[in-house]
Number of protein chains: 2
Amino acid sequence: MNAPHVGTHLVPEFHPRAMPIALLEALKTRFGTQLSTAQVIREQHGRDESAFTVPPPDAVVFAENTQDVVDVVKLAAQYKVPVIPFGVGSSLEGHLLAVQGGISIDVGRMNQVLAINAEDLTVTVQPGVTRKQLNDAVKSTGLFFPIDPGADASIGGMAATRASGTNAVRYGTMRENVLALEVVTASGEVIRTGTRAKKSSAGYDLTRLMVGSEGTLGLMTEITVKLYPLPEAVMAAIVSFDTLADAVNTTIQIIQMGLPIARCELLDATTVRIVNQYAKLDLREGAMLLMEFHGSPAGVQEQVEVAQAIADEHHGHAFEWAKTPEERTRLWTARHNAYFAGVQSVPGCKAITTDACVPISRLSDALLDSVTEAQQSGIPYFMVGHVGDGNFHMGYLIDPNKPEERELAEQLNHRLVTRALALGGTCTGEHGVGLHKMGFLVDETGAGAVAMMRAIKQALDPDNIMNPGKIF
Amino acid sequence: MNAPHVGTHLVPEFHPRAMPIALLEALKTRFGTQLSTAQVIREQHGRDESAFTVPPPDAVVFAENTQDVVDVVKLAAQYKVPVIPFGVGSSLEGHLLAVQGGISIDVGRMNQVLAINAEDLTVTVQPGVTRKQLNDAVKSTGLFFPIDPGADASIGGMAATRASGTNAVRYGTMRENVLALEVVTASGEVIRTGTRAKKSSAGYDLTRLMVGSEGTLGLMTEITVKLYPLPEAVMAAIVSFDTLADAVNTTIQIIQMGLPIARCELLDATTVRIVNQYAKLDLREGAMLLMEFHGSPAGVQEQVEVAQAIADEHHGHAFEWAKTPEERTRLWTARHNAYFAGVQSVPGCKAITTDACVPISRLSDALLDSVTEAQQSGIPYFMVGHVGDGNFHMGYLIDPNKPEERELAEQLNHRLVTRALALGGTCTGEHGVGLHKMGFLVDETGAGAVAMMRAIKQALDPDNIMNPGKIF
């Protein structure tokens, strides 16, 4: 029943199912040049940003519309062969890996913004639309889509992993921001969940069941999300602290006061040092808090004053405030560069990334010990946190060819997650379970809840063709 | 496949299952005086605020803890007899009615506030805690639970129906505010969904699957919800308009601007007249908008100015502003009395209540025609709306002994829902499906989505013992 913990199984198991020639022929007939079995294309669709490697999918179909998706799924269902949705490949937990072989359905060409309903603050898109493309498309309306996981991910991928990122502390995650879906089920039927109404009590919440299901229950072909008026005023700030504890405690107090902060991000001193080297910056090498405030001019001013007072109490240094977009971009450089600076600080490395999220009052307990453990182990790492949500990431930098480094990183991850769960938190705030956190899911929710998830999976996908081998 | 529309089936069908003597005996042995089969007790547990009547449940168990619930469910599962959770009986759509007989599990004695985690802005309660009790319990922390459906409903019932009410426009519904649950499944297992972390991507969103499932998938025995800091400043206002259109258009513009209004409620002129008679008030008998603003003193002042300017543009009259709790209570009297004033305006009547919710830009289209149709039909009615969410209720007042009045009310309801669905809305913004909206659910979501709901129900409750005969 219990999935093995990662750390004991460092390489995902590969159990390919037979890919019948007849299926490949049928796909070729139906899709022509939209189908590829070229090695290089398959390999592009068989990896994500995780540190796992398995053989690539057997074939890739470039879907151009819902009917294409329906037809791939119906053929796959007929032959009981897996289908795996692919957006831009920016997921972090092995979600896209073809651990049972099968067909990758690339939705990159399904990149139409279908309906901008500015007067209702909603937009409907195809799953291959990326978040930057979406924001470009709605720019002229004075509205924006706030969810920003860092990568220019596809909206389909973000919905499938229940993504969030830097703005979630104010605007919520994909859980709160997806209103309605068109979904192709495991039998190739097209269903609709939700409406454009802001709230509903109409039966089971299939929308939120699909959001975060990582392609295992159905394949999203249309996604309706909420938009927000661009704030009248925006103010950003960076503050440096002598200790990580001061930065974390500043965050905790800001959140507990109910300040409607729009972003609240943390880098530890090690990460600031890495970013300084990478981007040739001269930032003070202490723990750094990056904040952003949205609202009316007076509202933002009020928020800024409260935040500054709280940071002052915790010995904040070197405040810098920025009003204009250009100044803000400059201040946020450190945050935007952190992931790449981290990964590039050790040539040839891969990052093993953690994603714990805890109740805000437990953030110091969860975060400080995890950073100390990483430092004591001597492993190279970087650390960034959406700390306003109680969510933080350690990136342990390993040589993928050295099993002992991977083992050490997974041991640190294991200790970190165990601590977060003991503090009432979750093993994954925003990345999803994928392959990497299957064991932790059982620890977190218990066997009973996982059994319920399995029962739902079995009911909706009895032949287990929708992205099999993930989550549990 | 399609459930019959209400309006063609005015009285719910009653298909009782056998209640074996052996089960009654086993319940008596296990529960002693916690079990009742007295007619008056059973009748109290066999009705809600809907206009339906069916025979009462066969027995009532007053559960005092999770183990009691487990033991009832296990016995019921053994004999394949229905169990129906009962909070305070304030649901509106026949959710509690024992249409297949069985055991009502009254959770009213499970009314402990289990853990107030003020520093994390969360509280964990048993399902029988009411929203007023919850707010009393957390008062000293400076926090509050904003969801207010009018009735002093139980938190369990509110979660089961995905309730919302007057504050949802700012704070969201039970969908956004339930973080974690303890649930007794159909086989009598106890599972946990979610954690106290603010966000999570850990597998299927069982929490939100349970929220709004109306007792058909499991029985909630612990509920963790979000709390919010009491706003520093609160300002309330009433404004009167010559036309309903002006009031609705004021609302639409306020929402489209992104003003973070905390409550935005509408009464039409007919309803204001009814309230005046009921509470001996002297309110201007036009369409009335009731608003409330939460925030810092300066923030509230800004919001008030914007709202007033928008209302002025739409010819708002007789503004009254209130700062103190006492003044606010006075202003809100009209809204608080609307339901009871409505029902009592026609002696002996029952209200058939509608609950459509539409995208905000379509609110005039949905609401104005519905009010006109009611007026033209000559049926007595009242109308209240959580219009900031695009949600409004017509209460058609019928003599329950006159089938032709019920038929007329259901015809009006049918036209109203059909219109709301055509405008991209939902048949139920906050009441749930229960018995009353089963036909509309198919119209709204399509047969495919309902089939998916059925498949989930079948997987999690194969013997169909959890509140059977509801939703679909």
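**Reading salt bridges and a buried serine**

Mentor: Counted over all chains of this predicted model, the salt bridges come to 49.

Trainee: Which side chains meet in a salt bridge at 3.4 Å, N to O, and where in chain A do they lie?

Mentor: A salt bridge is read from a side-chain nitrogen of Lys or Arg within 4 Å of a carboxyl oxygen of Asp or Glu, and in chain A the side chains of A:R192 and A:E222 meet in this way, at 3.4 Å from N to O. A:R192 belongs to strand β9 (residues 190–193) and A:E222 to strand β10 (residues 219–226), so this pair ties together parts of chain A that are 30 residues apart in sequence.

Trainee: Are A:R192 and A:E222 buried, partly exposed or exposed?

Mentor: Buried means under 20% relative accessible area and exposed means over 50%, with partly exposed in between. A:R192, with a relative accessible area of 43%, is therefore partly exposed, whereas A:E222 counts as buried because its relative accessibility is 18%.

Trainee: In chain B, what does B:E93 meet in a salt bridge, and how many residues apart in sequence are the parts that the pair ties together?

Mentor: The side chain of B:E93 meets that of B:K437, with 2.6 Å from N to O. B:E93 lies in the loop between β3 (83–86) and β4 (103–106), and B:K437 in the loop between α14 (403–422) and α15 (438–460), so the pair ties together parts of chain B that are 344 residues apart in sequence. B:E93 is buried, with a relative accessible area of 0%, and B:K437 counts as buried at 0% relative accessibility.

Trainee: Which residues are joined into one network by salt bridges that share partners?

Mentor: Such a network joins A:R131, A:D148, A:R263 and A:E292.

Trainee: Where does B:S50 lie, and is B:S50 buried or exposed?

Mentor: B:S50 is found in the loop between α2 (39–44) and β2 (59–62) of chain B, and because its relative accessibility is 3%, B:S50 counts as buried.

Trainee: With what does the side chain of B:S50 make a polar contact, and which residues does B:S50 touch, not counting those up to four places away in sequence?

Mentor: The side chain of B:S50 makes a polar contact, at 2.6 Å, with the side chain of B:D48, while a polar atom of the B:S50 side chain lies 3.4 Å from the backbone nitrogen of B:F52. Leaving aside residues up to four places away in sequence, B:S50 touches B:S91, B:L92, B:E93, B:G94, B:L97 and B:K350; among them is B:E93, whose side chain meets that of B:K437 in the salt bridge discussed above.

How values were computed
Residues numbered from 1 in each chain as written. Chains lettered and ligands numbered in written order. Predicted model: local features only at pLDDT ≥ 70, side-chain atom pairs only at ≥ 80, totals over all residues. Heavy atoms only, no water. Helix = DSSP H or I, 4+ residues; strand = E, 2+ residues; numbered from the N terminus. Buried < 20%, exposed > 50% of the residue type's maximum accessible area, 1.4 Å probe, protein only. Polar contact = N/O pair within 3.5 Å; in protein donor to acceptor, adjacent residues only side chain to side chain. Contact = heavy atoms within 4.5 Å.
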